[in-house]
Amino acid sequence: LSLSIQKELLVNLLLDFIIIFSFANVLADSHLRTQNLEKSYLAEISRKDEANAAQRHFLRYVFHEVRVPLNTIRLGLESINLGMDTTNNNDDEIDDDTKFVISCMDQAATTMSDTLNDVLSYQKIEEGKIELHITSLNVKDIMDQIAFGFENNANDKKLKFVIIIEKNIPERIYG
């Protein structure tokens with residue numbers, strides 16, 4: 001081979017070597033970046049897992065701190081209801097308005113307890129283990145409880161709070 005062809009082959013070989021070497025460096029850099037991204041991703045997952053665990057712990061703590069006094073209220077209302085059922089003395093008889101108020105308070109406490117249970121079910125929702133329970137609900141009772149919650153505010157403002165249930169609304173619904 002002539003000297004010029006040998007020089008050309010050598011230059012081409014050198015250029016090929018430079019391209020391969022550059023490509024190897026790019027691959028090595030890419031591999032390092034991938035490893036760093038993977039480490040960052042795993043650290044972020046670990047941080048999120050720790051945050052979720054702290055959130056679940058906080059919810060359990062709040063649930064406990066709210067549920068204890070709520071159960072005390074429910075027990076007190078239950079004892080008042082039992083007292084109403086066993087009272088034969090006319091002096092101790094509780095009027096219908098007071099019975100209604102006690103009933104609304106008991107239902108509100110039950111609703112709060114159910115809501116707290118739903119909050120604790122958050123973990124079950126995340127895990128896909130939530131179960132829905134369909135129950136029959138009396139529309140008039142629900143509306144009476146809502147009205148009870150707003151009546152005092154309306155009365156304070158000299159307003160009359162009225163809920164009208166249309167005739168086409170069924171007496172019971174399921175939810």
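1. Asn 138 belongs to strand β1, residues 136–138, where strands (E, at least two residues) and helices (H or I, at least four) are DSSP runs numbered from the N terminus. The model is a predicted one, in which local features need pLDDT of at least 70 and side-chain atom pairs count only at pLDDT 80 or more, while totals for chains, interfaces and linings use all residues. Residues are numbered from 1 along each chain as its sequence is written, and side-chain values use heavy atoms, with hydrogens and water left out.

2. With a relative accessible area of 16%, Asn 138 is buried; the term means under 20%, with exposed meaning over 50% and partly exposed in between, for a 1.4 Å probe and protein chains only. Its side chain reaches the backbone nitrogen of Lys 140 at 2.9 Å, and a polar atom of the Asn 138 side chain lies 3.1 Å from the backbone nitrogen of Asp 141. Leaving aside residues up to four places away in sequence, Asn 138 touches Glu 171 and Arg 172, contact being defined as heavy atoms within 4.5 Å.

3. The axes of helix α2 (residues 96–120) and helix α4 (residues 139–156) come within 10 Å and cross at roughly 100 degrees, which makes α2 roughly perpendicular to α4, a label given to angles of 65 to 115 degrees. These axes are lines fitted to C-alpha atoms, for helices over the stretch in contact, and the angles run from 0 to 180 degrees between N-to-C directions. On the α2 side the contact is made by Phe 100, Val 101, Cys 104 and Gln 107, and on the α4 side by Asp 144, Gln 145 and Phe 148.

4. There are three aromatic pairs, counted where the ring centres of Phe, Tyr or Trp (its six-membered ring) lie within 6.5 Å, with planes under 30 degrees apart called stacked, over 60 edge-to-face and the rest tilted. One of them joins Phe 17 and Phe 21, whose centres are 6.3 Å apart and whose planes meet at 20 degrees, so this pair is stacked. Both residues lie in helix α1 (residues 3–86), where being four residues apart separates them by about one helical turn. Phe 17 counts as exposed at 53% relative accessibility, whereas Phe 21, at 47%, counts as partly exposed.

5. Phe 150 and Phe 161 form another stacked pair, at 5.5 Å centre to centre and 20 degrees between the planes. Because Phe 150 lies in helix α4 and Phe 161 in the loop between α4 and β2 (172–174), the pair ties together parts that are 11 residues apart in sequence. Phe 150 is partly exposed at 46% relative accessibility, as is Phe 161 at 31%.

Methods
A polar contact is a pair of N or O atoms within 3.5 Å; within protein, one must be able to donate a hydrogen and the other to accept it, and residues adjacent in sequence count only if both atoms are side-chain atoms. Angles under 35 degrees count as roughly parallel, over 145 as roughly antiparallel, 65 to 115 as roughly perpendicular and the rest as oblique.
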